[in-house]
Amino acid sequence: MKFSEKSAIVDLAIDVDEEVREPVYSFLEALEFIEMLYHLQNAGEGLSELEDAIFQKIVETLRRGTSYVSGEEKLDLSRKVDSISRGIYDLCSLTLKHKGDDYIDLIIGKILSWDKNNRSCYSGAVGLINKSFDNLIESYDKKLDFFLEQLPVSEQYKGFSIKKGAPLMRCIDVFSLAGELNIRHKPICVFFSGGASQNLSTLSMMTVFINMYVYRFKLISKEIARKYLEDYSIIKDLDDSTVAKLLLIWLRGHDLGHFYGLDSLGKKMSELDKAYLILHELKSDLIALYNMRYLADDLLKDDLLIKAYIFAIAEMFRYIRRGRFYNYPDTASAFLAYCYFRESGSIRCDSKGKKFTVDFGKLETDLKKLTEKLLTIFAEGDVTEGLKLLNRWGDIKELGQHGFPSELKVLGDPDIPHYIDFNFVTRDRMLSGLERR
């Protein structure tokens with residue numbers, strides 16, 4: 001039986017200084033034009049001249065907003081608008097400075113959509129820059145070479161230091177979305193080049209919608225853990241800051257996991273090949289989890305390491321719920337990781353088929369073994385072994401197309417939301433006219 005998939009509705013209340021009302025309004029108006037382009041694109045309308053005209057409206061709107069800014073902040077914003085006016089390769093970030101500091105980000109352009117056969121779709125977001133986790137990200141990144149040394153493969157398979165090539169990561173509290181970023185299954189981060197044409201696997205900037213990320217975990221993943229993980233009580237009462245910290249540690253590890261290890265597999269498979277993408281996601285997921293053990297004395301000290309593992313497993317189940325594994329590389333990765341842990345015994349389902357238990361000691365051992373296997377497949381360019389792993393528990397193209405296998409059927413629980421929908425509002429009355437919804 002196919003249950004309806006419901007959404008949880010959340011009010012995102014954001015404080016914005018009234019002094020920047022007009023430039024912020026221009027950001028939000030720019031998103032309205034992005035939404036217009038997105039709907040024209042989906043309707044299959046011929047864009048060309050109309051697309052150019054609407055794009056110029058975006059530039060004019062942003063220039064109008066810039067006229068309300070003064071001094072160096074105006075010059076900085078004007079330069080960024082001029083850069084956008086020359087065209088956008090993928091996504092471009094435009095930052096409004098206020099009182100000498102980065103204040104609000106506008107992100108506009110196009111992103112690849114898995115749901116639309118990897119078509120580039122118009123997208124946009126506006127959010128307050130959140131620097132609360134900058135030190136956390138910096139602390140994690142200081143260990144990049146150490147993590148490289150600890151990879152469970154021979155030296156010739158480890159690759160090289162990624163410090164110089166590591167994508168920049170920043171957090172924003174988003175308060176408006178448009179286009180492909182505003183679909184039902186909303187992403188919680190975006191990657192982009194910052195205005196240069198780059199390979200998909202080497203995009204140099206990453207923005208995390210941290211407020212959405214926390215809400216999504218609390219309303220979906222945490223509910224899955226509450227109902228179906230024996231160890232839920234360990235994460236039951238965490239505050240939002242700790243939730244954000246644990247999510248970001250995993251996400252940063254995953255983000256950088258793409259860059260670890262030699263990749264001879266990419267020389268034999270297209271980077272847009274679904275099989276290659278799934279294996280790449282799995283490698284990155286595993287490296288993120290494997291590296292956590294080396295944070296037990298600092299970022300994940302005391303009982304935070306166990307909590308981080310529980311977070312990762314709850315998120316793994318949330319990804320699996322999406323189904324159609326071959327269509328979504330991150331979903332397939334979660335399913336393959338679960339199957340491996342279930343087969344090895346580090347994750348078990350009780351006799352009633354409703355609660356999952358985790359042997360955390362064995363989980364770390366299994367993580368090491370599977371990480372080594374993936375790194376070796378990539379380093380040796382072993383397509384045969386890669387596809388064998390991909391289809392080890394059934395044809396990945398068929399799995400998840402029509403419901404969940406075996407004990408995973410409980411993940412179809414209709415009482416747990418599948419999606420998050422947001423009402424974007426501001427607390428400041430002076431900005432009440434900026435509300436898009």
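On a 1 Å grid over the protein atoms alone, a cavity is a set of points where a 1.4 Å probe fits but cannot get out. Grid points are joined across faces, edges and corners, and a volume is the space filled by probe spheres set on the points. By this rule, the predicted model contains 3 cavities of 30 Å³ or more. Local features in this predicted model need pLDDT of at least 70, and side-chain atom pairs count only at pLDDT 80 or more, while totals for chains, interfaces and linings use all residues. Residues are numbered from 1 along each chain as its sequence is written, and side-chain values use heavy atoms, with hydrogens and water left out.

The largest cavity holds about 90 Å³ of space. Its lining (residues with an atom within 4 Å of a point) includes R184, H185, R318 and F422. Helix 7 (210–228) and strand 10 (419–426) are the elements that give two or more residues to this lining. By class, the lining comprises 6 nonpolar, 2 polar and 4 charged residues, where Asp, Glu, Lys and Arg count as charged, Ala, Val, Leu, Ile, Met, Phe, Trp, Tyr, Cys and Pro as nonpolar, and the others, Gly among them, as polar.

The secondary structure comes to 13 helices and 10 strands, taken as DSSP runs numbered from the N terminus (helices H or I, at least four residues; strands E, at least two). Six strands form an open sheet with mixed pairing, in the order 2-3-4-5-7-6; two strands pair if DSSP finds at least two bridges between them. Strand 2 (91–98) and strand 6 (189–192) are the edge strands, each pairing on one side only. Strand 5 (residues 168–179) and strand 7 (residues 205–209) run parallel and are joined by 5 bridges, with L168 standing opposite M205.

Along its principal axes, the C-alpha trace of the protein spans about 65 × 45 × 45 Å.

How values were computed. 1 Å grid on protein atoms, 1.4 Å probe; cavity = no way out; pocket = protein on both sides within 12 Å on 5 of 7 lines; lining within 4 Å.
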